[in-house]
Amino acid sequence: MIPKRDIERGVEGGARLAFGRNGWSDKFDLTTDGFFNSFASILITAPLFAFIVIANRTLALQLDETGQGASHLTIVLAVNAILYIGSWAGAVAAFAILAKFLDRSSAFVSVIVAYNWTRPVVTAVQAVPPLLFLLGFLSQDLFLFIYFITLLWGQYVTWRVALLTLHVPWSAALAATLIVFLVKIVIQIVIASLAAAGAPPA
């Protein structure tokens, strides 16, 4: 069982890094235990991710006038759970390869711990537009615009993780961010294709 204090420090470090505040590195535990404990962020982020999936599904159903896009919520959540784990694993693997390629193997633990603990913060921010939409405070167009901005901000945070933990030039950090993003997209496409192929005909 991971101590509550370790989780609090990890999330605080992630928030400091994401929002450009100093002292983020002091909050991360870079020991072997700290490295593996940082993956607890997957469980912390999961409810927020599930909420975003449900909210986006609600919007999609509203936009789908034919009703053909409706899938059972359990199936939607199951597929997205696989996408969630697969994308996270892909990002970690990509960072591991990039750290070695950039001759920054010594920063491997640091970049993974930082990436893991920034995910709850990024996902929490990205959950705000769907929440406001479901509460009726945002129109569909405004929701899509703000949500897109939060997605871009999430990539900016990944760039900061690469820049500050791998200690590379901003251009190399940008390239690393794009590679991680593309790896996640490819994994999502493959998993979604497999799920669609295995789905029973309508």
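This is a predicted model: local features need pLDDT of at least 70, side-chain atom pairs count only at pLDDT 80 or more; totals for chains, interfaces and linings use all residues.
**Helices, loops and salt bridges**

Q: Does Asp-103 count as buried or exposed?
A: Over 50% relative accessible area is the range for exposed residues. The relative accessibility of Asp-103 is 66%. Therefore Asp-103 counts as exposed.

Q: What value is Phi of Asp-103 near?
A: Asp-103 is a residue other than glycine, and its phi is positive. The value of this phi is near 60 degrees.

Q: Which loop holds His-167, and what value is its phi near?
A: His-167 is placed in the loop between helix 6 and helix 7 (170–198). His-167 is also a residue other than glycine with a positive phi. Phi of His-167 is near 55 degrees.

Q: Is His-167 buried or exposed?
A: A residue needs over 50% relative accessible area to be called exposed. His-167 has a relative accessible area of 57%. His-167 is therefore exposed.

Q: At what angle do helix 5 and helix 6 pack?
A: Helix 5 spans residues 108–134, and helix 6 spans residues 140–166. The axes of these two helices are 9 Å apart. Helix 5 and helix 6 pack at an angle of about 170 degrees.

Q: How does helix 5 run relative to helix 6, roughly parallel or roughly antiparallel?
A: The angle between helix 5 and helix 6 is about 170 degrees. Angles over 145 degrees count as roughly antiparallel. This makes helix 5, relative to helix 6, roughly antiparallel.

Q: How many residues of the contact of helix 5 with helix 6 are nonpolar?
A: The residues of this contact divide into nonpolar, polar and charged. Eight are polar and one is charged. The number of nonpolar residues is 17.

Q: Where is Val-157, and does it count as buried or exposed?
A: Val-157 has its place in helix 6. Buried means under 20% relative accessible area. At 0% relative accessibility, Val-157 therefore counts as buried.

Q: What distance separates the C-alpha atoms of Val-157 and Leu-17?
A: Along the chain, Val-157 and Leu-17 are 140 residues apart. Their C-alpha atoms are separated by 7.7 Å.

Q: How far apart in space are Ala-81 and Gln-155, C-alpha to C-alpha?
A: Ala-81 belongs to helix 4, and at 36% relative accessibility it counts as partly exposed. In sequence, Ala-81 and Gln-155 are 74 residues apart. In space, C-alpha to C-alpha, their distance is 21 Å.

Q: What accessible area do the residues of the nonpolar patch on the surface have together?
A: The patch is formed by Leu-142, Phe-145, Phe-148, Ile-149, Leu-151 and Leu-152. One of these, Phe-148, is in helix 6 and counts as partly exposed at 47% relative accessibility. Together the patch residues have an accessible area of about 560 Å².

Q: Which residues are linked with Arg-5 in a network of salt bridges?
A: Arg-5 and Glu-8 both lie in helix 1 (residues 4–18), three residues apart. Arg-5 counts as partly exposed at 45% relative accessibility, and Glu-8 as partly exposed at 37%. The residues linked with Arg-5 in the network are Lys-4 and Glu-8.

Q: What separates Glu-12 and Arg-16 in helix 1?
A: The side chains of Glu-12 and Arg-16 meet in a salt bridge of 3.3 Å, N to O. Glu-12 is partly exposed, at 28% relative accessibility, while Arg-16 is buried with a relative accessible area of 18%. Because Glu-12 and Arg-16 are four residues apart in helix 1, their separation is about one helical turn.

Q: With which residue does Lys-27 form a salt bridge?
A: The closest N and O atoms of this salt bridge are 3.5 Å apart. The pair links distant parts of the chain, 15 residues apart, with Lys-27 in the loop between helix 1 and helix 2 (32–37) and its partner in helix 1. Lys-27 counts as buried, at 17% relative accessibility. The partner of Lys-27 is Glu-12.

Methods
Residues are numbered from 1 along each chain as its sequence is written. Side-chain values use heavy atoms; hydrogens and water are left out. Patches are made of residues with over 30% relative accessible area and no salt bridge: like charges are joined within 9 Å, nonpolar side chains (Val, Leu, Ile, Met, Phe, Trp, Tyr) within 5 Å. Accessible areas come from the Shrake-Rupley method with a 1.4 Å probe; for residues, only the protein chains shown count as cover. A salt bridge is a side-chain nitrogen of Lys or Arg within 4 Å of a carboxyl oxygen of Asp or Glu. Buried means under 20% relative accessible area, exposed over 50%, partly exposed in between (1.4 Å probe, protein chains only). Axes are lines fitted to C-alpha atoms, for helices over the stretch in contact, and angles run from 0 to 180 degrees between N-to-C directions. Angles under 35 degrees count as roughly parallel, over 145 as roughly antiparallel, 65 to 115 as roughly perpendicular and the rest as oblique. Ala, Val, Leu, Ile, Met, Phe, Trp, Tyr, Cys and Pro count as nonpolar, Asp, Glu, Lys and Arg as charged, and the others, Gly among them, as polar.
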